[in-house]
Amino acid sequence: MKLDWGWVNDNLPMISRLTAEHVLLALLPAVVGLIVAVPLGYLIFRIRGAGRVVLALVGAIAAIPLVSVLVVMPLIINRPLFDPLSIGASLAILSTMIMIFHVITGLSSVPGSVNRSALALGYGRVRRLFTVELPLATGPILGGLRSVVASNIALVTVAVLVGSGSLGRLFTLGLRESSVTPIMVGLVLIIVLAVVADLIIRLIQRGVTPWVKVRPGER
Amino acid sequence: MIFDYLRDPAHWQGDDGISSLLATHLGYTMGALLVAAVLGIPLGLLIGRTRAGWRIAQVLNDVARPIPALVLLVIAVLLFAASILPVIAALALIALPGVVAATARGVSGVNKPAVTAARALGMSGFAMLRSIVAPLAMPSMVFGLRRAAVQIAAAAALAAVAGAGGLGRLIVAGNAARSYSEMFAGAILIAALALLLYAVLGLLGYSARRRSRQSGSGEMRGIGSLHVG
């Protein structure tokens, strides 16, 4: 197995374009998911009883394969199949569903005693949410974001099924030309992307929740 | 109309018909799920006994997360052939880290006094595994298999990109022929299969949870990792 560096050199513009597409399509939907999931998750967390039913629905939506969402999404938002907006929206929906679970896990991890102490100190519901519950839930929520970003980096490649870009292209190209070079380039870029993204979110996590120690294997 | 392709009986027959693609897809999914379970569950039971082993399983699962199913399928097909065994091996490999990690998490969560009590009563290693550890770890194990099933059913759609058939074929061919109703047929069938497996294994998980008398808290903690297909 030998890498063809000439091919890499000749195709640098295409490789960088696909990489940029991949980064945007993996990251933006995850961020959208985070922003939408915090209020939705809080709502489901608050209504407890009925929340379980909603949560079951959220879990089922999360289990729909991305391929299926990719094909149906253009019908809903009236865009072409391979449109980046349609792919982004598909990933954003799935990311939101997963983030809702992480938000609820985070909110449930706040000890009842802490909440009751805040209540005894006269904290209202809103003040308690913003100064007690959300700060304490930030660790698990950002940990969840890390895993959603990692999953998205893998999932974006599924878009090759509807004929769209992303680094998944390099794998189909390698298959068509029976060449390992594009496959290895794609795989290495994906691993680098995943490591860098994970590191950045860890740094943010350290910045906003300096009291939490994150060890490998935990989130 | 978008249901036209699905409704036309002619499209269900023949080598490239929906029935045959569905059978291939099911074969890939069930085969890979079986391999992942047969390899992953014993491995998880083994390494979940120590804290370090459990950690390693979690880290491996995290490391494997961004690796696309597509690359494993492409490599398997290039190295071997676009036939059933390489595809099943690649699909099983995709789900394996999750199955091992979920099983190990289940084992690591087993109530320690229960194990100590069983040992004090003179239970042998295998009897303990069979009647204490396995039932208590069962909900987490089934959860891992549920995640694996959904993941594999979705990833099997990518086999078509590598020319190995399955329901993804309808999407690839439909896209090439600009036939949206063919793509829609593929999308609906893949989703139906994944959701069917999700529901069946969900029921299995419910009964396992009732039997182990550990109420539903594990469900919520683990489900975040369902983001896989």
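**View 1. Helices of chain B.** Chain B of this predicted model contains 10 helices and 0 strands, where helices are DSSP runs of H or I with at least four residues and strands are runs of E with at least two, numbered from the N terminus. Its pattern along the sequence reads α-α-α-α-α-α-α-α-α-α. The C-alpha trace of chain B spans about 70 × 35 × 25 Å along its principal axes.

View 2. Of its 229 residues, 54% are buried, that is, under 20% relative accessible area with a 1.4 Å probe, protein chains only. Among contacts (heavy atoms within 4.5 Å) with a separation of 6 or more, 76% join residues 24 or more positions apart.

**View 3. Surface and charges of chain B.** The accessible surface (Shrake-Rupley method, 1.4 Å probe) comes to about 10,300 Å², and carbon and sulfur atoms contribute 68% of that surface. The mean positions of the 18 positive and 7 negative charges lie 26 Å apart. Lys (placed at NZ) and Arg (CZ) count as positive, Asp (CG) and Glu (CD) as negative; His and the chain ends are not counted.

**View 4. Interface of chains A and B.** Here 52 residues of chain A contact 42 residues of chain B. The buried area, the accessible area (1.4 Å probe) lost on putting the two parts together and summed over both, is about 4,000 Å², with 76% from carbon and sulfur atoms. In chain A, A:V71, A:L161 and A:L175 lose the most area to chain B, together 16% of what that side buries. Salt bridges (a side-chain nitrogen of Lys or Arg within 4 Å of a carboxyl oxygen of Asp or Glu) between the chains number 0.

**Conventions.** Residues are numbered from 1 along each chain as its sequence is written, and chains are lettered from A and ligands numbered from 1 in the order written. Local features need pLDDT of at least 70 and side-chain atom pairs count only at pLDDT 80 or more, whereas totals for chains, interfaces and linings use all residues; side-chain values use heavy atoms, leaving out hydrogens and water.

Technical notes: Buried means under 20% relative accessible area, exposed over 50%, partly exposed in between (1.4 Å probe, protein chains only).
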